[in-house]
Amino acid sequence: MTSSEIRSQFVNAFKEWGHTDIPSASLVPKGDPTLLFTNAGMVQFKTAFLGEETPPYRRAVSYQKCVRAGGKHNDLENVGQTARHHTFFEMLGNFSFGDYFKGEAVSFAWKLITRRLQMDPSRLWVTVYQDDDEAETLWRNHLPAGRIIRLGKEDNFWQMAETGPCGPCSEILIDQGEILHPDCPGIGRCNCDRYLEIWNLVFMQYNRDQSGACTPLPKPSIDTGMGLERVTAVCQGVDSNYKTDLFYPIFQAIGREAKKSAEEVLSTQAGRVVADHLRAITFLVSDGVRPANEGRGYVLRRILRRAARFGIKLGLNDPFLHKLSGEVVHQMSAPYPDLIRNREEIAQVVLAEEERFIHTLNRGVPLLEEVIAKLKRGGETVIPGSALFTLYDTYGFPIDLAMDIAKEEGLHLDETGFHTEMEAQKERARRSWVGMGDPLEADRQIYREVHQAVGNTLFTGYEHLEEEVTLLAIFKNSLPSPSAVAGEAVELILSPTPFYGEAGGQVGDCGLLSSGSAMVEIEGTVKPLPDLYIHRGKVIEGEIRVNSVYHASVDSKARQNTARNHTATHLLHATLRELLGDHVRQAGSLVAPDRLRFDFYHFSPLSDKEIDRIEERVNERIWANLRVDTELMEINEAIATGAMALFGEKYGNQVRVVRVSDFSKELCGGTHCHGTGEIGLLKISRESSVASGIRRIEALTGPATRQWINHREQTLYSVSNLFKSRPEDLIEKAARMIAQSQEKDREIERLRSQRFRAEDPLSRIRKIGDVSLLAEKIEPSEIKEVRAHADRLRELIRSGIVIVGAAAPTGEKLSLVVMVTSDLTSHFPADKIVKELAVLVEGSGGGKADMAQAGGRKVESLDRALDQSLEVVEKLKKQSPSFSPPP
């Protein structure tokens, strides 16, 4: 049975049993700051299990792409060493949201495994939680008591977090035979693969409170997970996931590149690492993750560079991953069609990172050689962990490559010190990531309790901006209160509400809540839960009380300006795809009353010509006054009609489709214009880079555009007055003045050269043995003038070291430039000299062996630094016993 057939059998079986087939969510979890990546099938249903939203189905089935690349059981270092560890994997799962429970879950699992997947019942075992008599009784309908094992909380009790839904679980295992481990002591007492877990059924039946007490849930639920890679290995009768049809075509592709057979590649750890990591790289890039130095991008970069490094061990020294990603796309595009659309983009992102890594190696090897040379001069044989970590963390230089180089030089590595530094870095990264979490998270439990009490918020703001509402709840400092008075900051829950809650990049509405005797200024509206709106504001008059009726009015001007920017964002998105290509996809957005910001995937900066064309094209659509329509549709129907579902967004079964004539169609819950003519004019104010492969456009519409034009016009007139010119003559006059200034600069430089030759600078040379040193201070100058002076001095001396220092014209800081002739750079590198001198002037600097520069704050120490340059050169000479002066 092929992996595709197993995937289909699972989904089709549960569809026959009344489950709704739910597509895989993105690897980037939407609205969950606690996770780097989607790492289980239940992640996209988390809000349903927590009771934060009610899905339009009671039963679901899915195959979910997952990534685990860290933590106690998923360290990258394990990948390739075992038969089961993976960074990317697929999880098959069936879910019940308060519908069926243990009896049906056990029955479905047994039928699926023994009938659909045709596993031998005599080889099957199960584990149950030690106190779960009901689960054991249910399994006795299918298995003898001797093959039902009770285990404790660590193995068979599941919980989502410290508090919240939890419950016992039951794992289904298959006996792979004594050949794997003849002396295996049994389930729960051995970690060998003889008894292989293939499916975990979680019975979510309790809620754990802050005290740790568990109370029964009113509607128990089911969450199951079966790893496709594992079950495929079992069904195909192989002892390793890597020997299945999920991986073998990848090994063949690697073999073609490495001039080896697929079997040769599979037999090596390097081959298994590359095959595994290729899948993770391809899917992560397809889902919008880009290599970076932090967060998700850091994990992707680490996986990609690890794959490239192991590729070197296979003889693949040139970039190869970008080519092999196409094999993953070819193999996996049937269940994940997004891969086909993103194929070219995936290859481009991967190639760019491979080339960066080659550059990293080219930089890192000389740095490591410098460390080794220093150790050898001191008679040491161990490379310190701190030096290894600096190479790894700052330059991305791999420790195993450092180990190979050290071995060739007869040295050892302080691996303990390196791993200590690495663990400290991981802890810093973990704290940093947690710190990036949703600021609403601390109050989320309170909101859940309130939501259960008051129900879903009815939003009426699509139809009108004013509404008579009931005040259901008041919060002050996160605590409920029956009332609030003038001067107090509050969070309010209204029913219904015309205020749009911040979502999909669009900011929440502001406005007023009023009665005859009270008034609240609503400063913003947020949705801490999908169906709960929180109105934040301040009581500015009188007293408000729970259960009273008030008049709610949205700031219509702000709402209209926001609608202009949101509709313009859709036009901009469609225009970018039209002019730049279908690889353009939204990577983030901000829609506010005063501006819009749109992040998108694209590889290069936009030229001025491209920006002008994009702006022109959007405005053509605006001035055509195209009709904007909205329609509620089933999500599958909407996608089938060509509506664009945006990356990372989470959609329900019923979605709102916003269509701008035949030019743009997107799934969107935001507020929009009725016609594009209401936008007025779009002006792109800035184009910039956000991250590798992600560009950002910032733009203005409506009144904000007029304000921008007025400001630019005022700036133009102000500059014209300074130049005593009319605006239309300004460019010509400015060019004339610049030319005159440049001519004066050339004359100044000519006079300096004359004075320089007349002063005979060679007479000021000092000698350190046979090495010439010329160090001098010049009048206050900009750094470019200091460099020019140093360059003139270097031209005069045949062999030697030149050091020039000067205070800046303002007198607040100084510049130092060191230049070394080519015959001396290996023994007296300019960058080393300048770093030692920079310390004396409270500055910093760097550069190359032939030229380096530094800046400093301590101007009064410049003379001392120049005087001590002699000592610095003498010290370097002593450290270079092999130095002999040029003939």
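Author: Happy to. This is a predicted model, and in it Cys-184 counts as buried, at 13% relative accessibility.

Reader: Which cysteine sulfur is closest to the one in Cys-184, and how far away is it?

Author: That would be the sulfur of Cys-192, at 3.6 Å. A disulfide needs the two sulfurs within 2.5 Å, so this pair is too far apart for a bond.

Reader: Is Cys-510 buried, exposed or partly exposed?

Author: Cys-510 is partly exposed, with a relative accessible area of 25%.

Reader: Thanks! Switching to backbone geometry: where is there a cis peptide bond?

Author: Between Ser-495 and Pro-496, with omega at about -10°. Pro-496 sits in the loop between β15 (489-495) and β16 (511-514). For context, most peptide bonds are trans.

Reader: What about phi, which residues other than glycine have a positive value?

Author: Lys-259 is one of them, with phi near 60°. Another is Asn-477, whose phi is near 55°. In general, most residues other than glycine have a negative phi.

Reader: Where do I find Lys-259 and Asn-477 in the fold?

Author: Both are in loops: Lys-259 between α7 (248-258) and α8 (262-266), and Asn-477 between β12 (466-476) and β13 (479-481).

Reader: Are those two buried or exposed?

Author: Lys-259 counts as exposed because its relative accessibility is 73%, over the 50% cut-off. Asn-477 counts as exposed too, at 74%.

Reader: Good to know. Now helices: how many residues does α18 have, and how far does it reach?

Author: Helix α18 covers residues 556-580, which makes 25 residues. From first C-alpha to last it reaches 35 Å, close to the 36 Å expected at 1.5 Å a residue.

Reader: Is α18 mostly covered or mostly open?

Author: Mostly covered, as 19 of its 25 residues are buried.

Reader: And what do we see at the start of α18?

Author: There, a side-chain oxygen of Asp-555 reaches to within 3.2 Å of the backbone nitrogen of Lys-557.

Reader: Last one: what follows α18?

Author: Gly-581 does, and its phi is positive, near 130°.

Terms used
Residues are numbered from 1 along each chain as its sequence is written. This is a predicted model: local features need pLDDT of at least 70, side-chain atom pairs count only at pLDDT 80 or more; totals for chains, interfaces and linings use all residues. Side-chain values use heavy atoms; hydrogens and water are left out. Helices (H or I, at least four residues) and strands (E, at least two) are DSSP runs, numbered from the N terminus. The expected span of a helix is 1.5 Å times one less than its number of residues. Buried means under 20% relative accessible area, exposed over 50%, partly exposed in between (1.4 Å probe, protein chains only). A polar contact is a pair of N or O atoms within 3.5 Å; within protein, one must be able to donate a hydrogen and the other to accept it, and residues adjacent in sequence count only if both atoms are side-chain atoms.
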